[in-house]
There are 2 protein chains.
Amino acid sequence: MNDHTTTVSASVIEKIRQAVGPQGVLTAAADLDPYVVDWRGVYRGTTAAVVRPANTAEVAAVMKICAETCTPVVPQGGNTGMCGASIPSAGGGEIVLALARMNRVLEVDPLNNTLTAEAGCVLAAIQQAAADADRLFPLSLGAEGSCQIGGNLSTNAGGINVLRYGNTRDLVLGLEVVLPDGRIWKGLRGLRKDNTGYDLKHLFIGAEGTLGIITAATLKLFPRPAANATAWMAVRDPEAALQLLALMRRHCNDRITAFELISRHSLELVWQHIPGTRDPIGEPHPWYVLTELADAGDESALRADLERALETALNKELVVDAVIAENHTQAQALWHLRESIPEGVRQAPAMVYRHDIAVAVGRIPEFIREAQAALEARFPDVQLICFGHLGDGNLHYNAYLPDRLRSDAAARDAHDVTETVYDIVQQYGGSFSAEHGIGLSKVAELARYKSPVELDLMRTVKHALDPQGLLNPGKVL
Amino acid sequence: MNDHTTTVSASVIEKIRQAVGPQGVLTAAADLDPYVVDWRGVYRGTTAAVVRPANTAEVAAVMKICAETCTPVVPQGGNTGMCGASIPSAGGGEIVLALARMNRVLEVDPLNNTLTAEAGCVLAAIQQAAADADRLFPLSLGAEGSCQIGGNLSTNAGGINVLRYGNTRDLVLGLEVVLPDGRIWKGLRGLRKDNTGYDLKHLFIGAEGTLGIITAATLKLFPRPAANATAWMAVRDPEAALQLLALMRRHCNDRITAFELISRHSLELVWQHIPGTRDPIGEPHPWYVLTELADAGDESALRADLERALETALNKELVVDAVIAENHTQAQALWHLRESIPEGVRQAPAMVYRHDIAVAVGRIPEFIREAQAALEARFPDVQLICFGHLGDGNLHYNAYLPDRLRSDAAARDAHDVTETVYDIVQQYGGSFSAEHGIGLSKVAELARYKSPVELDLMRTVKHALDPQGLLNPGKVL
């Protein structure tokens, strides 16, 4: 194990400045601030310099200098992550390498259905470039106005369309990566079939900047759906929601783009804190499903499909009441309810313990019940906020105790609620981080819940690609 | 680099026999023969023993013995590969580890849409188990009656449904793997979202048995389509076929399951050699497209969709003539034509140089023209057999010279035709092995066409996971 520099020396920063020019290096404290704290203000670190290369050659030159001088690097995209993976440590020994200037869409090929973009390209810009070419890039998440595709790739971002289109990992055909020793792996290929050796891109996707710095990617494009249909349905319980999903799959096959399960209490926080929001259905119900279908062709035909499925569901009493969006504005209003839940949660004064978990889809209702029972047994006043991507088996299963406030450090540091939830997830063979990754915040959980063989394999790969441990030390492993 | 045993000693074989029992080891020459030659009779090797473990624990025990005694191992599935990857070397220093006894479907979970099977399970059995649960496992290829899922995974098999469902890599959620040191990585998980560390399964998928021995896999299932519609269309040239594909995508979105381009000469070999086959269309045409749509719901509605798309295509003169299958039998007859081409090729006396290539979809027509021109310039008598998965950018672009016969060793060993084709593929940024992998047969091409950085990354990964070089030495790298 090499000793990393405890601070980055002036001579190293000067070498970097030679490589990227003065416009590529920030050192004044006021300039550094946005890069050393995460967007939620939870993680704060220190750095001697934020480096902002203009292109891949500059990234490589910087990495080479860092390799030669044993200077650790924290890669950063849009700084919208949930686990502090792109924030430097408090010690100040790393430089931050921000990809933001490398924000171009390099190529759109509608016949091949690919789009190539630099890693600092904002996700919304990629979505727009695809739309301009009458195509769809289906990755869609709340932060899309500021997150960058390099960060999406490094965290294998999920989002609302995973049910139909998969995770970011499933949307990538090729990568360009700067390796920890400064060499460039030029793996940008728009081929859907290529069995010429190991598939190296999957090492870097989801590695949270610990194995290489992604500098560009070739992404898959899809046909742009001409028709959408959205429905908001009240259901009796998660079991009914699950049967509803199976019914809709039988009727609508893979036209289903999203299938979200939402508890009433999650919505109460929205109606309480977010102006202009209201219950789409008159009577209160304990659980809701928001679903969307998309297709080529006729919107009225798609709507008729949805209505037929809904009618069957009502007859079988899987759905108690429902609203179908009459137009795009109404659909947006329904999605606004779902998308506002995190903001509603944020405005609540309680310390909300958040868990981004996944179990096998069929076990979601059982999991919800068992976790609730375990929490209530241990914390009789617990309140649950439960919503998420039922079709993927991914729930945001959050909990709070009314007498533990966010402003209270002891409440923030407590692990007891989280341990209760994660231990049950583990028993179910599930994931304690379905979407958000490990970063800094879940390093302890990784060590606790992963098998020794798996941890060892990960360390083997890390040590092989980054023997000096330069990339994002302290994150993930 | 460790010296491998040049022959496997009797004491090692005895230790292995202790681990798997006498029923798990074959040593008699007559018993070994099917395992030491590939199904086409092209590659023949030698081994002292074929080991046939009954379960993962036995695989691990054998691998442990091999690690301790520095005995190299050649993993083998159904022995249906195209590149000799699962055949032992002529030298006789490796044991063959055949997975065939581990052939059970372990679990089918229709709600979670997953199926878990041992690596030796025959693909057709997995398809049937999925069908029995009213689901679809969409991997489908010619060898499905005898290939095993472990082999499909190790070669990232493609098949006819890649256009809609992706390669084998896209169909896997988890793996169980025995590592070169005998430890077991238990990564069988049926989760669609799990961002807890590096995605290790992708190292082993497509690694052709050189990084670990896959012992089980959790696979994705899909809704079983209720409706199919198949059409055989005559087109003017590959450009027209490409525009036809774009048109059909606009009309039918992702209902298109397959889109195959076929040259007339490919079919002439079928009509000549395969009894009971004939031209579905009266007049001769230079190129054809075979397409299939699949969907939930009504077959007449799907057929109407196809007819509408076809009518537009005829009006735009993208299609010159066409036949839509009236029923399942007619559809099967059309597919039989396409699937018989390899057999038609095999029965031709000429030495056919086969190239399984991929380029960006939009460049396929250009590639076909340029490769033909280059071949005709160098070999004036060349004949081309061109057919494949246009929608994936993957062509079987084969060529022969009438005076070079398969029976002639010099004809078989010649590289000139292949080099001409692959050099053009390289210029197009394409793949010289879209589906079939590297194995033994394309090791030289890998060294020639891959970038030094990429080759080095592959060797780094290989050395990290298999430092003694025990798994499938001489294959891939």
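A crossing of two helices is left-handed if the near helix is turned anticlockwise from the far one by less than a right angle, and right-handed if clockwise. Keep that in mind for the close-ups below, all taken from a predicted model in which local features need pLDDT of at least 70, side-chain atom pairs count only at pLDDT 80 or more, and totals for chains, interfaces and linings use all residues. Residues are numbered from 1 along each chain as its sequence is written, chains are lettered from A and ligands numbered from 1 in the order in which they are written, and side-chain values use heavy atoms, with hydrogens and water left out.

**View 1. Helices α8 and α10 of chain B cross right-handed.** Here α8(B) (residues 238-252) and α10(B) (residues 299-315) have axes that come within 10 Å and cross at roughly 140°. That angle makes α8(B) oblique to α10(B) (under 35 degrees is roughly parallel, over 145 roughly antiparallel, 65 to 115 roughly perpendicular, and the rest oblique). Axes are lines fitted to C-alpha atoms, for helices over the stretch in contact, and angles run from 0 to 180 degrees between N-to-C directions. On the α8(B) side, look for Leu244(B), Leu247(B), Met248(B), His251(B) and Cys252(B); they touch Leu306(B), Arg308(B), Ala309(B), Thr312(B) and Ala313(B) of α10(B). Contact means heavy atoms within 4.5 Å. By class, this contact has seven nonpolar, two polar and one charged residue (Ala, Val, Leu, Ile, Met, Phe, Trp, Tyr, Cys and Pro are nonpolar, Asp, Glu, Lys and Arg charged, the others, Gly among them, polar).

**View 2. In chain A, α8 packs against α13.** The axes of α8(A) (residues 238-252) and α13(A) (residues 364-378) sit 8 Å apart, at an angle of about 165°. That makes α8(A) roughly antiparallel to α13(A), and their crossing is right-handed. Pro238(A), Glu239(A) and Leu242(A) of α8(A) meet Pro365(A), Ile368(A) and Arg369(A) of α13(A). The tally is four nonpolar, no polar and two charged residues.

**View 3. Ala414(A) lies in the loop between α14 (409-413) and α15 (416-427) of chain A.** Helices (H or I, at least four residues) and strands (E, at least two) are DSSP runs, numbered from the N terminus. Leaving aside neighbours within four places in sequence, Ala414(A) is in contact with Tyr353(A) and Arg404(A). What about Met351(A): how far is it from Ala414(A) in sequence and in space? The two are 63 residues apart in sequence and 9.9 Å apart in space, C-alpha to C-alpha.
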